[in-house]
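Visitor: I have a model open and want to learn how to read it. Please walk me through a few features.

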There are 2 protein chains.
Amino acid sequence: MAKQNTVFKDAFNRCLKLLAETSALPSEPELGATIGVSRTTIRAILTRMEELQLIAWDKRTKVVLRHPKAEDYYPAEETDSLSEIIERSFMRRILAGGAEPGMQINELELARDIGTGTTSVREFLIRFSRFGLIEKRPNSHWILKGFTREFALELTEVREMFELRSAASFATLDADHPAWQELERIEALHHEILADIDSRYRDFSELDERFHLLVHKSSSNRFIVDFYDIIAIVFHYHYQWNKTNARERNARALEEHLAYIAALKTRDVAQIEAACKRHLRSARETLLQSIQ
Amino acid sequence: MAKQNTVFKDAFNRCLKLLAETSALPSEPELGATIGVSRTTIRAILTRMEELQLIAWDKRTKVVLRHPKAEDYYPAEETDSLSEIIERSFMRRILAGGAEPGMQINELELARDIGTGTTSVREFLIRFSRFGLIEKRPNSHWILKGFTREFALELTEVREMFELRSAASFATLDADHPAWQELERIEALHHEILADIDSRYRDFSELDERFHLLVHKSSSNRFIVDFYDIIAIVFHYHYQWNKTNARERNARALEEHLAYIAALKTRDVAQIEAACKRHLRSARETLLQSIQ
DNA sequence: TTTTTGTCTTTTATCTACAATAGACAGTTC
DNA sequence: GAACTGTCTATTGTAGATAAAAGACAAAAA
């Protein structure tokens with residue numbers, strides 16, 4: 001098939017949730033805006049809902065006939081976009097199964113393994129290449145450079161430069177800048193998780209990304225913000241992969257974050273730099289320990 | 001056609017130059033290694049040379065029959081790879097013809113204009129997106145963010161961070177590191193161009209890239225080195241585009257480079273930083289002046 | 001007049017096909 | 001026996017085709 005209708009399926013599932021809460025659906029453009037898809041897709045969804053006798057649809061009236069059941073939803077694995085599937089598949093391969101640095105990566109083989117066309121794999125590899133883990137030999141294969149100690153050191157070197165700069169510019173944001181409110185919310189979440197660390201330490205990963213991204217964004221520099229993608233993906237898969245002492249590590253990082261947040265609030269450059277450096281140093285250590 | 005044989009044509013042209021200098025060609029694998037292509041392509045080249053009665057080829061013996069003439073070469077425009085063609089075409093569009101920030105970029109239209117398939121255009125845009133000038137709306141078009149003042153400021157901010165760090169680490173390279181010899185050669189070229197500035201000021205652009213890349217490489221950090229691609233492409237097209245006062249600007253930059261090189265040779269961190277900052281500041285000014 | 005719907009066109013995402021190129025292997029030559 | 005050639009296979013780069021999704025525009029409804 002030419003294109004998977006994952007956009008439709010995912011949007012359909014999200015529409016079902018909306019439907020569970022109301023007795024009538026809004027207009028097509030409005031629905032499209034809330035779900036984030038075009039009217040074409042909305043109309044396909046409405047048609048499907050009508051078929052399933054979930055709604056009675058006639059022009060502007062979309063009356064809800066019954067509540068959605070579990071079997072009305074499309075299964076979660078059918079709503080993932082192809083690029084997400086390829087990314088997961090690829091990361092599993094290079095993190096898990098004997099992926100030696102220097103190994104060749106074969107587009108055709110990857111595509112066959114994943115069960116997709118080569119075009120999608122190729123585009124994924126091109127996009128992925130900016131993470132510095134693979135390199136193309138023109139007219140030939142890709143080379144896996146590997147998730148090595150050097151990689152981690154180079155990554156963290158740049159990260160430290162960028163984050164120090166971003167943290168410093170955070171201090172100069174106007175008092176009414178929305179970032180300060182977001183910082184408050186993030187701080188509160190830290191306290192919540194710490195209060196119940198034994199059962200909630202796994203929530204750290206997501207919060208970590210949210211916090212550091214907030215800091216990076218205050219640089220107002222697209223290159224710095226974009227670079228955070230690399231850090232995020234590395235840490236994301238790193239957390240999934242290395243779970244030894246996760247509870248202690250995360251508790252410690254949460255404490256460091258709180259000190260870092262407190263420093264940001266003082267707007268004192270020296271304090272911010274010290275707290276930021278302290279946290280980044282221990283983040284680097286954690287990452288390095290998980291390698292080799 | 002499925003694939004342009006530009007690799008063959010370009011390799012053929014380069015082989016012709018080799019042929020002009022010898023009376024017999026080496027073995028197929030050796031030729032492949034010097035030209036940088038596979039044996040398959042080498043054999044295609046030899047076959048073509050035989051057809052043109054340039055050589056007599058029988059197994060290991062490849063006797064040169066005559067010197068290549070101008071018409072034996074493939075025209076230069078046929079040896080450019082598709083991605084080079086697309087890049088040039090695209091850059092001309094966004095730098096020259098009324099390319100407002102916020103404009104939509106249409107893959108199909110671009111492909112039709114350039115006369116290629118959509119796949120190649122798409123892959124180009126994905127690769128190009130890391131330069132921060134365009135952004136993708138999934139399932140929809142790309143947005144041109146534009147070569148704006150903000151772009152230039154963000155770019156130079158990161159450049160300054162990276163180059164200061166790289167220059168500092170240049171000072172720590174061992175005395176026998178090849179970079180020092182390359183620095184000598186580059187310095188000599190600066191003097192050569194300056195001595196004949198009126199006729200050779202156009203050579204600055206290439207030398208500029210060579211010098212700054214050398215500095216960035218001493219960081220031994222793939223992210224820093226890769227980032228230099230963005231700077232290089234921006235300055236490359238910028239030089240082609242903005243030619244006002246090129247002679248004076250280049251003369252001044254050459255002088256700044258010489259001071260910068262002299263500072264690197266002292267290995268004194270403070271001097272290096274001062275000279276590097278001075279040059280980067282004026283490079284930024286030049287770039288900013290050319291915008292809007 | 002403003003928003004919504006019906007209908008239609010255009011573009012994107014993805015697959016498949018195929019020539020160009022790389023690369024593997026066995027037999028041949030030095 | 002080391003390197004080279006002949007031959008064959010596999011992979012990459014690119015075009016073209018097609019379903020999904022976006023989006024344009026006029027008619028209809030509020």
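This is a predicted model: local features need pLDDT of at least 70, side-chain atom pairs count only at pLDDT 80 or more; totals for chains, interfaces and linings use all residues.

Visitor: How many residues does the largest nonpolar core have?

Guide: In soluble globular proteins, nonpolar side chains tend to be buried together. Here the largest nonpolar core has 42 residues. (Core: buried Ala, Val, Leu, Ile, Met, Phe, Trp, Tyr and Cys joined through C-beta atoms within 7 Å; buried: 20 or more other C-beta atoms within 10 Å of a residue's own, placed from the backbone.) Leu155(A), Val158(A) and Phe227(A) are among those with the most contacts inside it.

Visitor: At what angle do α10 and α12 of chain A pack?

Guide: About 25 degrees, with axes 11 Å apart. (Axes are lines fitted to C-alpha atoms over the stretch in contact; angles run from 0 to 180 degrees between N-to-C directions. Helices are DSSP runs of H or I, at least four residues.) α10(A) and α12(A) are therefore roughly parallel, the word for angles under 35 degrees.

Visitor: Which residues of α10(A) meet α12(A)?

Guide: Phe204(A), Asp208(A) and Phe211(A). Their partners are Asn250(A), Ala253(A), Leu254(A) and His257(A). (Contact: C-beta atoms, placed from the backbone, within 7 Å.)

Visitor: How many residues does each chain give to the contact between chains?

Guide: Chain A gives 19 residues and chain B gives 19. On the chain A side, α7(A) gives the most, with six residues.

Notes:
Residues are numbered from 1 along each chain as its sequence is written. Chains are lettered from A and ligands numbered from 1 in the order in which they are written. A residue is buried if 20 or more other C-beta atoms lie within 10 Å of its own, exposed if 12 or fewer, and partly exposed in between; C-beta atoms are placed from the backbone. Helices (H or I, at least four residues) and strands (E, at least two) are DSSP runs, numbered from the N terminus. Angles under 35 degrees count as roughly parallel, over 145 as roughly antiparallel, 65 to 115 as roughly perpendicular and the rest as oblique. Two residues are in contact if their C-beta atoms, placed from the backbone, lie within 7 Å.
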